[in-house]
Amino acid sequence: MAIESALGEVGIEQNLKQFLLVLSVSLSVATLPQVFSWFRQIPYTLLLVIAGLGLALVDVRLVNLSPELILAIFLPPLLFEAAWNLKWSDLKRDLIPICLYAVVGVLISIAGIALGLNLLSRLPLTTALLVGASLSATDPVSVTALFRELGVDKRLTTLMEGESLFNDGMAVVAFGFLVALPLGTVQLEFQPLVVQLFSVVGIGIAVGGLIGFGISYLTQRFDLPLVEQSLTLVSAYGTYIIAEELGGSGVIAVVTTGLILGNFGSRIGMNPRTRVIVSEFWEFLAFFVNSIVFLLIGDQVRFVDLAENLNIIAVTIAGMVLARAIAVYGLGFLSNRLANSNIPLPEQTILWWGGLRGSVSIALALSVPNILTEREDLINTVFGVVLFTLLVQGLTTKPLLEKLRLLGDQPLRQEYLELVARQTALKRVLTYLGQVEKRPGLDPEFYRYQEALIKGELKRLEEQIDKLQDDYPNLRSFTAEQLRMELLAVEADTYAEFVRSGRLNQELAPLLEDVLEDGY
């Protein structure tokens, strides 16, 4: 017994050391863009993949990546954070194209990849279908991070994130069915398939809805930011585990809970200050988990195995890209015609090329049973395709945005805000200088010299600001929007003070938050 206890302690210590090593490397690489400006040209997630590939090249394996680690540990917080920040009003506006991409798009992707592999690489159809199902889940976190940095239209981000959230669930459900085919544990009939699909999805939505609404009403009873923050974390993992145990989709359940808490629970049960605290917590957690996941994706690559499967990988990439094009352009055309979605072709092009694959695809591939003889080829193929999407498609998305003229004006806005900030600072300096004008021992000539310097700089800044506003008229509306947001922030802070002091019933906070959302 003593020997077993000692071995257990050694195992825990070894696992802890591995975790700390992974954490140190991942966070060090993720912070490089903040230290060296050159690295800001590359999304930090792709930088982590490249760092992981470097470790794999010298055969340094930080940890063995398993499907359980990705699906049960890493995936729930990533899904919850994305759903928490997705506004229902934005999602509702584009619900039809998002559902088309997430449901029909998954089927097109599976069929396109499977047919290509079966016809051109002579891969058994059951294995080809599993490859297609594994690669039907999009993971555009690198692209959406780039969108935010460049100020790309918010609708494009909503379309991409919305599709990713829902198609993850559909991909997992489809994979679960297809992996049972070669094992002979499922019937290839339409009715059982539909019943199973509705059962898995329905249980996921039901569990997610019950937990989401339950916690929403629970948080109305108290105002404890740390407790409410902890409840959201427990709900993300608890929802996934409960739904999976009941035979439902944990992915769909977590997305449902995140959407409810982000759009409903945070409004009826949290005051504005608490919502900010919870949102910042999830932003950090998503950064934390993504840093680990993308480093490990690169670190798990075995170059020799990829080289042996280059032909299959090339065919899979071609089938995936072609199927994605058919899905995005075909379903986009259908949505524009039937629902007046009005998704322009340039935006559809970004949706096509920006549909990267990531951790979910790898987790599904790793979860293929060992009994299947083509398992290793399947895993190597998925790894190769995921690397292509991350390194080739991910790194070329920004040039494509520039070519299609979809880049936002974030750099221009940043330049403008820097000028305004400097102007404001110098005005305060000038005001302070006027207060010390009569200070004993101060040479009047020195005072006038400093005053002239500051006024001259202020005049130069004013000319630069005026020129920017004349050249880019949109900056005037941006200035008005900035002021509106400042006014709303002052109003929200005042309401929060009333709630904290007990002068306002916290259950009225949602009504006040509605006022803030409506604006002035």
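This is a predicted model: local features need pLDDT of at least 70, side-chain atom pairs count only at pLDDT 80 or more; totals for chains, interfaces and linings use all residues.
Residues are numbered from 1 along each chain as its sequence is written, and side-chain values use heavy atoms, with hydrogens and water left out.

The chain holds 22 helices and zero strands. Both are DSSP runs numbered from the N terminus: helices are H or I runs of at least four residues, and strands are E runs of at least two. Of the 520 residues in the chain, 48% are buried. Buried means under 20% relative accessible area, exposed means over 50%, and partly exposed lies in between, with a 1.4 Å probe and protein chains only. The accessible surface of the chain is about 26000 Å², and carbon and sulfur atoms account for 63% of that surface. These areas come from the Shrake-Rupley method with a 1.4 Å probe, and for residues only the protein chains shown count as cover. Among contacts between residues at least 6 apart in sequence, 82% join residues at least 24 apart; contact means heavy atoms within 4.5 Å.

The interior can be followed through its nonpolar cores. A nonpolar core is a set of buried Ala, Val, Leu, Ile, Met, Phe, Trp, Tyr and Cys residues joined through side-chain atoms within 4.5 Å. The largest one has 119 residues, and the members that touch the most others are Leu117, Phe147, Ile350, Leu351, Ile362, Leu390 and Leu401. Helix H13 (residues 272-299) gives the largest share of this core, 13 residues. A second, separate core has 13 residues, among them Tyr416, Leu419, Leu433 and Leu468.

Two helix pairs show how the elements pack. The axes of helix H11 (residues 225-245) and H13 come within 9 Å and cross at roughly 45°. H11 is therefore oblique to H13. Axes are lines fitted to C-alpha atoms, for helices over the stretch in contact, and angles run from 0 to 180 degrees between N-to-C directions. Angles under 35 degrees count as roughly parallel, over 145 as roughly antiparallel, 65 to 115 as roughly perpendicular, and the rest as oblique. The crossing of H11 past H13 is right-handed. A crossing is left-handed if the near helix is turned anticlockwise from the far one by less than a right angle, and right-handed if clockwise. On the H11 side, Pro225, Glu228, Gln229, Thr232, Leu233 and Ala236 meet Arg273, Thr274, Ile277, Val278, Phe281, Trp282 and Leu285 of H13.

The second pair is helix H3 (residues 44-57) and H18, whose axes come within 10 Å and cross at roughly 130°. H3 and H18 are therefore oblique to each other, and H3 passes H18 in a left-handed crossing. Here Leu46, Val49, Ile50 and Leu53 of H3 meet Leu387, Leu390, Leu391, Gly394 and Leu395 of H18.

Helix H7 (residues 125-134) is mostly covered, with eight of its 10 residues buried. Its buried residues pack against helix H6 (95-120), helix H9 (154-180), helix H15 (310-339), helix H17 (359-366) and helix H18 (375-403).

Gly319 is in helix H15 and is buried, with a relative accessible area of 13%. Not counting residues up to four places away in sequence, Gly319 touches Gly112 and Ile113. In helix H18, Arg375 counts as buried at 15% relative accessibility. Pro346, in helix H16 (residues 345-353), counts as partly exposed at 30% relative accessibility.

Most residues other than glycine have a negative phi. Arg122, in the loop between H6 and H7, has a positive phi of about 55° and is exposed, with a relative accessible area of 67%. Arg405 is found in the loop between H18 and helix H19 (410-435); Arg405 has a positive phi of about 60° and is exposed at 77% relative accessible area.
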